[in-house]
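Please keep the sequence and the coordinates at hand while reading.

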Amino acid sequence: MRLDVVDTPAMEAFGRELGAALRAGDIVVLTGPLGAGKTTLTRGIGAGLGVRGPVQSPTFVLARTHPNLVGGAPLVHVDAYRLGSAALLDDLDLDFERSVVVVEWGAGLVEAVTDSWLEVVIERPTGARGAQFAGPADAVDAADASGDADLDADEPRIVTVTGIGPRWADTPYAAPA
Ligand SMILES: Nc1ncnc2c1ncn2[C@@H]1O[C@H](COP(=O)(O)OP(=O)(O)OP(=O)(O)O)[C@@H](O)[C@H]1O
Ligand SMILES: [Mg+2]
């Protein structure tokens with residue numbers, strides 16, 4: 001499944017939709033460059049699950065658990081950016097069975113702990129931001145002068161969702177056979 005996500009609220013809304021479809025035992029792997037919107041998507045997933053926020057970048061902890069406020073599964077939000085190996089994801093001793101686990105930068109790590117996961121890839125379409133920085137130097141200066149509004153400005157993302165393994169067979173997210 002591939003979709004255009006036009007801005008930040010749309011990313012959160014897509015996360016809410018996804019979150020509402022997730023249950024205990026589910027693992028979501030988020031892939032995309034710095035600032036792609038992985039944490040923004042996770043915030044929406046948290047809202048869809050009904051967990052306590054705030055969902056933010058887990059900079060100082062490798063994994064943060066958000067308890068569920070409506071009786072469903074807690075959200076475990078992992079930032080694997082600094083995790084070196086699959087062994088380490090296992091070392092976190094997460095309660096995969098009872099939680100929904102979302103792993104930023106988790107590609108290549110989850111295979112060691114599960115046979116099923118939802119892979120979400122977030123891309124910036126070429127042309128938007130790329131074109132801006134390929135522009136004349138004074139255009140770049142103008143962007144700099146406007147502070148970091150430039151970095152956070154709403155821009156479209158392309159999101160691809162692929163369900164891997166038996167959990168996702170016969171769901172709208174299933175990988176094409
Ligand atoms: N279409 C969009 N979807 C999601 N975020 C967007 C979009 N357009 C602009 N943004 C902005 O991009 C930023 C994404 O930041 P976020 O922390 O979610 O990224 P991240 O992928 O988690 O980064 P990191 O790799 O540092 O963890 C936010 O400031 C958000 O408002
Ligand atoms: Mg993040």
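How do the residues of the shell around ligand 1 divide into nonpolar, polar and charged? They comprise eight nonpolar, five polar and seven charged residues, where Ala, Val, Leu, Ile, Met, Phe, Trp, Tyr, Cys and Pro count as nonpolar, Asp, Glu, Lys and Arg as charged, and the others, Gly among them, as polar.

This is a predicted model, in which local features need pLDDT of at least 70 and side-chain atom pairs count only at pLDDT 80 or more, whereas totals for chains, interfaces and linings use all residues. Residues are numbered from 1 along each chain as its sequence is written, chains are lettered from A and ligands numbered from 1 in the order in which they are written, and side-chain values use heavy atoms, with hydrogens and water left out.

**Ligand 1.** Of the 20 residues around the ligand, Thr8, Lys38, Thr39, Thr40 and Glu155 come nearest, a residue being near if one of its heavy atoms lies within 4 Å. Helix H2 (38–49) and helix H1 each supply at least two residues of this shell, and the largest share, three residues, comes from H2; helices (H or I, at least four residues) and strands (E, at least two) are DSSP runs, numbered from the N terminus. The table gives polar contacts, which are pairs of N or O atoms within 3.5 Å.

| Residue and its atom | Atom of ligand 1 | Distance |
|---|---|---|
| Gly35, polar backbone atom | oxygen | 2.9 Å |
| Asp154, polar side-chain atom | nitrogen | 3.5 Å |
| Arg157, side-chain N or O atom | oxygen | 3.4 Å |

The protein covers 84% of the 650 Å² of accessible area that ligand 1 has on its own, as computed by the Shrake-Rupley method with a 1.4 Å probe.

**Sheet.** Seven strands form an open sheet of mixed pairing in the order S1-S7-S6-S2-S5-S4-S3, two strands being paired if DSSP finds at least two bridges between them. Strand S1 (2–5) and strand S3 (63–66) are the edge strands, each pairing on one side only. S1 runs antiparallel to strand S7 (residues 157–164), to which four bridges join it, and Val5 stands opposite Arg157 in S7.

**Backbone exceptions.** Most residues other than glycine have a negative phi, and most peptide bonds are trans. Gly53 and Pro54, however, are joined by a cis peptide bond with omega of about -5°, and Pro54 lies in the loop between H2 and S3. Asp93, although not a glycine, has a positive phi of about 55°, and is found in the loop between helix H3 (86–91) and strand S5 (100–104).

Technical notes
A polar contact is a pair of N or O atoms within 3.5 Å; within protein, one must be able to donate a hydrogen and the other to accept it, and residues adjacent in sequence count only if both atoms are side-chain atoms.
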